[in-house]
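Visitor: I am new to this structure. Please show it to me, and I will ask how its terms are applied.

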Amino acid sequence: MNVGIGLPVGDPAALLTWARRAEHGPFTTLGLLDRLVYDNPEPLVALAVLAGATSRIRVQTEVLLAPLRDTALLAKQAATLDRMTGGRLVLGLGVGGREDDHWAAGSDIRTRGRRMDEQMALLRRLWSGEPYGDGVGPIGPAPARPDGPEVLFGGFKPAALERVARWGDGFLAAAPPSWAGGLFDTVRAQWREYGRAGAPRIVAQVNVALGPPPVVEQARAAMHAYYAFTGMPDRMVSGMLTTPPEIREAITAYGDLGADEVMLYCHGLDPAQADRLADLL
């Protein structure tokens with residue numbers, strides 16, 4: 001079982017410390033959330049810096065809100081980061097459910113799913129080296145992988161799960177083991193229905209905080225603020241895992257469901273959590 005670490009967004013300057021500690025630990029991936037109208041670092045810019053400070057660990061958007069972005073520019077940015085990291089970029093994508101993000105970006109939240117599908121068709125074409133369109137040539141550089149960086153889709157609705165088989169390489173599930181299994185089964189079934197070879201890569205995400213009480217309370221407060229828009233942040237925060245046995249049990253449970261990787265997402269700012277989690281593993 002591969003285990004990655006999700007990075008807190010509250011202190012961008014500290015992320016280099018997190019990345020270096022994770023690079024020297026057992027972790028396989030660094031993950032970073034995305035928002036527009038929020039006090040967080042822009043993930044592609046931040047991950048480019050972190051990739052330059054590391055050499056082994058993957059860098060992953062978790063998830064990048066693609067409908068907020070210009071598609072041609074996103075294709076170029078992702079291909080550049082993928083190429084310069086030797087294929088270490090994992091592009092986790094989602095449609096975004098916060099109205100203020102869409103208002104600020106000038107995108108229509110009501111058509112975000114349709115826009116995502118249109119974006120993926122263009123992204124795949126551009127990454128393969130085809131011209132943008134009539135009278136407009138290709139947009140380079142070529143990514144490290146011939147068909148572009150690995151793409152994971154996050155979400156829970158049928159359209160999001162079906163998008164994995166249509167356009168993606170795998171699924172990013174921010175769901176507890178108690179109901180993640182059904183999502184995994186649906187994604188795998190649709191993968192087969194689309195005639196895709198092999199199997200989708202399944203990545204699970206669980207929120208954790210490991211350390212003394214102030215670290216845990218800070219993590220809970222940060223997570224509550226981030227998910228306040230949902231109207232049920234208390235319920236989400238209650239699922240945060242804060243002890244080694246809980247975290248080990250979750251990793252085992254996701255492994256039993258067939259997940260390929262578990263992302264331990266840290267909302268608290270203390271970078272010593274990377275060392276504590278490494279010791280736990």
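Guide: The second largest pocket has a volume of about 180 Å³. This is a predicted model, in which local features need pLDDT of at least 70 and side-chain atom pairs count only at pLDDT 80 or more, while totals for chains, interfaces and linings use all residues. Residues are numbered from 1 along each chain as its sequence is written, and side-chain values use heavy atoms, with hydrogens and water left out.

Visitor: What makes a set of points a pocket?

Guide: On a 1 Å grid over the protein atoms alone, a pocket is an open set of points with protein on both sides within 12 Å along at least five of seven lines; a cavity is a set where a 1.4 Å probe fits but cannot get out. A volume is the space filled by probe spheres set on the points, which are joined across faces, edges and corners.

Visitor: Which residues line the second largest pocket nearest its centre?

Guide: Leu44, Ala48, Gln77, Thr80 and Leu81, out of 13 lining residues, where lining means having an atom within 4 Å of a point. Helix H2 (43–52) and helix H3 (71–84) each give two or more residues to this lining. The largest share, five residues, comes from H2. Helices (H or I, at least four residues) and strands (E, at least two) are DSSP runs numbered from the N terminus.

Visitor: How is that lining divided by class?

Guide: Into six nonpolar, four polar and three charged residues. Ala, Val, Leu, Ile, Met, Phe, Trp, Tyr, Cys and Pro count as nonpolar, Asp, Glu, Lys and Arg as charged, and the others, Gly among them, as polar.

Visitor: Why is Thr71 called buried?

Guide: Thr71, in helix H3, has a relative accessible area of 9%. Buried means under 20%, exposed over 50% and partly exposed in between, with a 1.4 Å probe and protein chains only, so Thr71 is buried.

Visitor: Why is Tyr38 called partly exposed?

Guide: Tyr38 has a relative accessible area of 28%, so it is partly exposed. Tyr38 lies in the loop between strand E2 (29–32) and H2.

Visitor: What is Tyr38 in contact with?

Guide: Leaving aside neighbours within four places in sequence, Tyr38 is in contact (heavy atoms within 4.5 Å) with Val9, Ala222, Ala225 and Tyr226. The backbone nitrogen of Tyr226 lies 3.4 Å from a polar atom of the Tyr38 side chain.

Visitor: What is the volume of the largest pocket?

Guide: About 1,500 Å³. Its lining has 28 nonpolar, twelve polar and nine charged residues.

Definitions and conventions: A polar contact is a pair of N or O atoms within 3.5 Å; within protein, one must be able to donate a hydrogen and the other to accept it, and residues adjacent in sequence count only if both atoms are side-chain atoms.
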